[in-house]
Amino acid sequence: MTTGVVNSRRISQRTALTFLGLATAITVVPVLFIIIYTIINGGAAISWDFLTQFPSQAGRAGGILPAIIGTFYLMLGTLVFALPLGVMAGIYLTEYARDNWLTRLINLAIVNLAGVPSIVFGLFGLSVFVLAFNFGLSLLAASLTLACQALAMVITSSREAILAVPREYREGSLAIGVTKWQTVRYIVLPQALPGIITGAVLAISRAAGETAPILVVGAAFLLPKLPQSPFDQFMALSYHLYTVSAHVPNMPKETVWGVALVLLVVVLSFDMLAAAIRIKTRRRKQS
Amino acid sequence: MAMLQRQITAAVKVSETRLRQRLRLGERVIEGWIFLAGLLAIVVLLGIIFILFKEGLPIFAYTSPWEFLFGTEWCPVSDPPTFGIAPFFVSTLMITLIATVIAVPVGVACAAYLSEVAPKRVAEAIKPIVEILAGIPSVMMGFIGLALLSPLVQSAFKLNTGLCGLTAAIMLALMSLPIIVSVSEDALHAVPREFKEASYALGATKWETIWHVCIPSALSGIAAAILLGVGRAIGETMTVLMVAGGALAVPVSPTDPMTTMTAAIASGIGNAVRGGLQYQALFAVGLILFALTLTVNISAERVLERQKRKFTR
């Protein structure tokens, strides 16, 4: 009787733990599969010409240079707008803000901003930057839209990084008569820099992968030349992948996987860069 | 001589105060900018709300809110055009529900495995992979759904097309896993060790401890994880745009092709005349979408806060 109970408990334990392991496999295996499958299938399309030529025959032949350049412009634009403002907001929240209703409201806004669907940012960008500010369907409007979306992430990571700077640093600086802003500028910010950079790199990697907002505010499928000014339309890897996979008939399979691979490499390499910075600073702090 | 010295000291003092005043003025300006930047998050969020209302509300002069929400026909170019968003609403609900039903057990089980069962080294190897999943762009997931999953779904259910709600739901389930896993895992980690030790001391097995002690103690954190996953699924655009099929009828079965609210906006806004009826209607869809995700996210935040307070004494 007792042994029967013990046995059934042991069996249910084994079954349950197997299920937990299986669930983990269900999560992990598709990721590895997607990456390996994309490398194998996309690798065949990658060549010097593919990366440095303009597309021809509606993307069926030629390369994807303008899409790669467009994506980098977008990342740069997002960084230029989101980083300084996000870091300043982070400074305000950690160094200046008192614990009052306004600060709570700001924090609430940040959390909720992070959860706004990307297509809604697209609508916002269309109405504000494209139409009201009259920037038109352009690189500038798209960068501003993506920057709004990246803002929550940059603020949160700057805030965490600045909070992690020990109080003694600030007190030591203030004690020798340095003003508050100088303390922030010359003592706190340099210490928090790695954390801030990690957040910014993650944010622009996210921006590189975004498709829904730029679809609304100015991405074009095929353009004869690279954007010459911020007011020009642009191509982007993410939007290019969307169009060639969903809208161009008789697309060579290999080319689509090639576009997917390039996008994946751009996004994941920036993610890895962020991870590397994080690991390196953590090590330095421990030693 | 003494007088000269006094004069020099006075002059130095004056210029020092001036310098300090100028510095202080400069700092005031910088601090003013910092304050404004601090307000930016509120400005953007209120800006979004304002724009959605401003551009979306005028549609209700053309069609009543009732017809808009429950109308089953979306024909923006017919004469006269009709704007019923029930097909989109039902599609979003159906896809989100299926995605959640798939993702929750898998995600929570994965979190339990990582935090309670796996050896530390295995867990440390698996976590970055889950993070990579969170970093894969949604258009890439849409493409994977299009190229790899939809043929499987088509042959498994003998459908005319594999581009349907179910395919989209499976991809969304995969995409909401990272947030469910990481938030649930944090919640499980926060369960005090004494709870588990007490359970083991009573002779409970590892599984009995996970099931009867860890998961119930972490329940509010897990609930928050689920809500965050739901919020992610409701707002996801590219994947559903590419694989859900794009049909405009109210879906009856998960294997029907369908269009979610997000996909309706993404596919329609490019053709909509600015300021026209369709444009207004799509902003109104955006407004409903925004209200939905905001509610879900605020609830998640609330629940998470409660979880945090639970074990801090």
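## Domains of chain A

In this predicted model, 5 residues of domain 1 of chain A are in contact with 6 residues of domain 2 of chain A, two residues being in contact if their C-beta atoms, placed from the backbone, lie within 7 Å. On the touching side of domain 1, the residues divide into 1 nonpolar, 4 polar and no charged. The bounds, which come from an automatic or database domain assignment, are 2-43 for domain 1 and 49-286 for domain 2, and their centres, taken over C-alpha atoms, are separated by 35 Å.

Residues are numbered from 1 along each chain as its sequence is written, and chains are lettered from A in the order in which they are written. Local features need pLDDT of at least 70, side-chain atom pairs count only at pLDDT 80 or more, and totals for chains, interfaces and linings use all residues.

## Nonpolar core

The largest nonpolar core has 195 residues, and Leu151(A) and Ala41(B) have the most contacts inside it. Leaving aside neighbours within four places in sequence, Ala41(B) is in contact with residues of chain A including Ala89(A), Ile106(A), Leu113(A) and Leu151(A).

Helix H12 (residues 261-268) of chain B is largely enclosed by the rest of the structure, because 6 of its 8 residues are buried (20 or more other C-beta atoms within 10 Å; exposed means 12 or fewer). Among the elements covering these buried residues are helix H5 (118-132) of chain A and helix H13 (277-310) of chain B.

Gln57(A), although not a glycine, has a positive phi of about 50°, and Gln57(A) counts as exposed with 12 C-beta neighbours inside 10 Å. The peptide bond from Asp79(B) to Pro80(B) is cis, with omega near 0°.

How values were computed: Core = buried A, V, L, I, M, F, W, Y, C linked by C-beta atoms within 7 Å. Nonpolar A, V, L, I, M, F, W, Y, C, P; charged D, E, K, R; others polar. Helix = DSSP H or I, 4+ residues; strand = E, 2+ residues; numbered from the N terminus.
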